[in-house]
Amino acid sequence: MFLSDEKVFELIKKYGSPLYVYDEKILRKSCKEMHDLLPGKNLRVNYSAKANSNIELLKIVRDEDIDVDAMSPGEIYLQKLAGYSSDKIFYIGNNVSKEEMQYAIDENVLVSVDSLSQLESFGQINPGGNVAVRFNPGIGTGHHAKVVTAGKKTKFGVQKDFVPQVKELLKKYDLNLVGIDQHIGSLFLESDSYIKGVESLLEIAAQFPGLKFIDMGGGFGVPYHEGEGRLDLKELSDKLDKVLDKFLADYDNKDVLFKIEPGRYIPAECGVLLGEVYSVKDNYGTTYVGTDLGFNVLMRPVLYDSYHAVTIVKANAGEDGEEVATIVGNICESGDIIASDRQMKKVSVGDVVAVGNAGAYGFAMSSNYNCRLKPAEVLIDKDGCDRLIRRRDTFEDLIRNFV
Ligand SMILES: *Cc1c(COP(=O)(O)O)cnc(C)c1O
């Protein structure tokens, strides 16, 4: 928690509640950690911008010499506005239309396809072009079944043993395979599964001489629980270095570029979500703390049963004591829970709940469900000054697209 109690109340007074607050210094620190992950190697970092695509954050990430992954034409559009040139954007498509591929091609953005049929479609509209292929090494990892993005039971990537079919299609359409990529899943805190995935990807890479890049994917985790250990970047770096050296010894292009695609790791810890407490009640033995933090604002706990650390910021000094309580939002579903049965400071109406690690997959997944307004986003810059970087929705935003 990077905000003092006074600052929390000052920000809520100034910008309203609920409110996403990001700290520029923390964001830059995470960028640097990823940027410098493999000092001895030819490494580029692509930020997977779906984790948080606020344009002001994108500009900071770009300023830290980090490239970007796009998951949709909308992201490409936004990333260009943030100042990214085409060669710094990598479009990783999954089941996309030819029109979407064409958009990326017209924007001079490299496309990764993730099935044989998508490779065929790409060849039809862009014969002789550059392309990348996403493979599925058959190994997956992740904090929840919904975000395990490789392995034998997921929709992603081209099966490892379809290399001959890929080669056939490349030949058929005279395509130039510039790189291969993978992403095996989200939020690992120990490096073994990632390393296994990389080894598997390198076995595939060895079958394609002359690649310009090999993209090992994202998934780098941050600790969400109090006291949970951090991902050991030094250990990960050392292990990766060895595996890559072994691969390079036999590979024809010694200058091949390695890429990683962290999403969450970059903005997760720079963000905190603030919400006000409007009710406290006992309901048949459970204490419910009622806030404006519905799952339209932060969806992860409902969608993935995710844990986020919460801090109670007291409005009045001198109220002591602790309790076990459940923090809920204002959406008409009983699953609308931010934190269940947690030990916390005794809460009163008027206190503020601060939710940690809210910078990734927070605002990005927010919605207007229940015709709730999406919250504002505020940046605390390097000098400690706060600045609005996205205004709160208005009622007008709710009706903008009605015809
Ligand atoms: C979401 C995604 C990432 C980033 O995942 P994190 O777990 O947030 O690091 C990387 N690559 C691809 C293809 C993705 O879809």
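The text below goes from the domains to the ligand site.

This is a predicted model, in which local features need pLDDT of at least 70, side-chain atom pairs count only at pLDDT 80 or more, and totals for chains, interfaces and linings use all residues. Residues are numbered from 1 along each chain as its sequence is written, and side-chain values use heavy atoms, with hydrogens and water left out.

Domain 1 covers 5–21 + 269–392 and domain 2 covers 67–265, with bounds from an automatic or database domain assignment. Their C-alpha centres are 35 Å apart. Across the boundary, 12 residues of domain 1 are in contact (heavy atoms within 4.5 Å) with 13 residues of domain 2.

Around the ligand there are 14 residues, of which Lys50, Ser186, Glu261, Arg264 and Tyr361 come nearest; a residue is near if one of its heavy atoms lies within 4 Å. This shell consists of 4 nonpolar, 6 polar and 4 charged residues, where Ala, Val, Leu, Ile, Met, Phe, Trp, Tyr, Cys and Pro count as nonpolar, Asp, Glu, Lys and Arg as charged, and the others, Gly among them, as polar.

A side-chain N or O atom of Lys50 is 2.7 Å from an oxygen atom of the ligand, and a polar side-chain atom of Glu261 is 2.5 Å from a ligand nitrogen atom.

Terms used. Polar contact = N/O pair within 3.5 Å; in protein donor to acceptor, adjacent residues only side chain to side chain.
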